[in-house]
Amino acid sequence: MENRVKKLFGIDFPIIQAGMIWCSGWELASAVSNSGALGLIGSGSMYPDILREQIKKCKKATNKPFGVNVPLLYPDIEKQINIILEEGVKIVFTSAGNPKTWTQILKQNKVTVVHVVSNTKFAMKSQEAGVDAIVAEGFEAGGHNGREETTTLCLIPQVKQAVSIPLIAAGGIGTGRGMLAAMALGADGVQIGSRFVVTEESSAHIHFKNAIINANEGDTQLTLKQLTPVRLMKNKFFNRILGAELKGASVDELKELLGRARAKKGMFEGDLDEGELEIGQVSALLKEIKPAAKVIEEIMNEYKQAKATLCANEI
């Protein structure tokens with residue numbers, strides 16, 4: 001039976017590269033798409049004119065399908081959507097907002113729409129809104145996360161029971177074995193973020209990439225739960241946030257401490273002390289910076305080997 005994610009996007013492998021702020025420009029998206037998976041431009045850190053430039057460059061760099069990830073709470077969301085439609089992008093992943101707002105407009109323009117959720121309730125609402133597929137992202141994921149703190153192992157089977165459209169698993173997946181586990185739980189494909197951050201084509205700063213490949217178990221933690229929960233690598237900034245939360249800081253105090261452009265400072269400019277370093281728990285497994293094509297090749301080879309071993313050892 002044909003894989004539903006491969007069929008939906010017209011790709012060779014059911015792997016989606018997450019659209020991560022400050023890390024997912026046209027270089028990474030096109031490299032992933034050229035390798036047979038689905039590359040996404042992360043628009044959340046881009047002004048509208050920058051997004052247009054990134055899309056144009058990606059179209060020149062690949063003739064394979066690629067998409068754009070759009071956080072729906074972005075201030076200039078209408079401008080971003082219009083640019084996406086004007087440039088003829090045919091795949092959009094939405095997140096951080098109500099999918100009802102833009103799904104039908106996108107679909108009227110023949111755009112395939114996928115929405116990212118962290119619980120079953122919003123998975124069902126997304127299906128009702130008419131999206132073509134869902135990304136269910138577990139607690140292990142880097143960046144903004146669900147308040148429920150449901151792990152991928154628990155989330156995927158629950159969402160699988162609740163919806164009938166294609167399901168893409170995310171959160172803690174960075175290997176072929178992880179991909180096989182997600183598929184066994186009911187996913188039709190996987191979305192991978194952290195492992196693509198440490199690729200040669202990622203726009204993340206080299207200092208951030210090196211910090212990731214030197215990370216150990218327990219070096220990330222979910223924080224800022226009073227605002228929007230986000231998984232960060234522990235550093236001086238993280239420790240100040242943690243200290244403020246332990247002292248009972250208000251939402252306004254936390255917003256002031258967070259300030260502006262903190263994620264850019266850390267992930268794009270490489271300030272490992274004062275920047276916001278968004279990365280997943282799977283970072284502890286990542287030990288080398290590689291080309292995106294090599295990453296996809298390794299994931300698929302490990303997936304096939306693990307599947308064969310599992311079948312050979314069937315109980």
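Biologist: Hi! Which residue in β11 does Gln-221 stand opposite?
Modeller: Gln-221 faces Leu-232 in β11. Before we go on, this is a predicted model: local features need pLDDT of at least 70, side-chain atom pairs count only at pLDDT 80 or more, and totals for chains, interfaces and linings use all residues. Residues are numbered from 1 along each chain as its sequence is written, and side-chain values use heavy atoms, with hydrogens and water left out.

Biologist: Thanks! In what sense do β10 and β11 pair?
Modeller: They pair in the antiparallel sense, over 4 bridges. Two strands pair if DSSP finds at least two bridges between them. Strands (E, at least two residues) and helices (H or I, at least four) are DSSP runs, numbered from the N terminus.

Biologist: What about the hairpin of β10 and β11, how many residues sit between the strands?
Modeller: There are 6 residues between the strands of that hairpin, and Leu-224 takes a positive phi near 55 degrees.

Biologist: Which strands make up the open sheet?
Modeller: The open sheet has 3 strands in the order β7-β11-β10, with antiparallel pairing. Its edge strands are β7 (143–144) and β10 (220–223), each pairing on one side only. β7 joins β11 (residues 230–233) over 2 bridges, and Gly-143 has Arg-231 as its bridge partner in β11.

Biologist: Are the residues on the two faces of β11 covered or open?
Modeller: Both faces are covered: Val-230 and Leu-232 on one side, and Arg-231 and Met-233 on the other, are all buried. Buried means under 20% relative accessible area, exposed means over 50%, and partly exposed is in between, using a 1.4 Å probe and protein chains only.

Biologist: Which helix lies across β10 and β11?
Modeller: That's α11 (residues 236–246), running at about 40 degrees to β10.

Biologist: Switching topic, which strands pair with β9?
Modeller: β1 (residues 15–17) pairs with β9 in the parallel sense over 3 bridges, with Ile-192 of β9 as the bridge partner of Gln-17. β8 (residues 167–170) also runs parallel to β9, joined by 3 bridges, and Ala-169 stands opposite Val-190.

Biologist: And which way do the residues of β9 point?
Modeller: Gly-189 and Gln-191 point one way, Val-190 and Ile-192 the other way, and all are buried.

Biologist: Now helices. At what angle do α2 and α3 cross?
Modeller: The axes of α2 (residues 26–34) and α3 (residues 48–61) cross at roughly 30 degrees and come within 9 Å. Axes are lines fitted to C-alpha atoms, for helices over the stretch in contact, and angles run from 0 to 180 degrees between N-to-C directions. α2 and α3 are therefore roughly parallel to each other. Angles under 35 degrees count as roughly parallel, over 145 as roughly antiparallel, 65 to 115 as roughly perpendicular, and the rest as oblique.

Biologist: Which residues make that contact?
Modeller: Trp-26, Ala-29, Ser-30 and Asn-34 of α2 meet Gln-54, Lys-57, Cys-58 and Ala-61 of α3. Contact means heavy atoms within 4.5 Å.

Biologist: Last one: how do α8 and α14 cross?
Modeller: The axes of α8 (residues 176–184) and α14 (residues 292–312) come within 7 Å and cross at roughly 60 degrees. That makes α8 oblique to α14. On the α8 side, the contact is made by Gly-176, Arg-177, Met-179, Leu-180 and Met-183. Residues on the α14 side include Ile-299, Tyr-303 and Leu-310.
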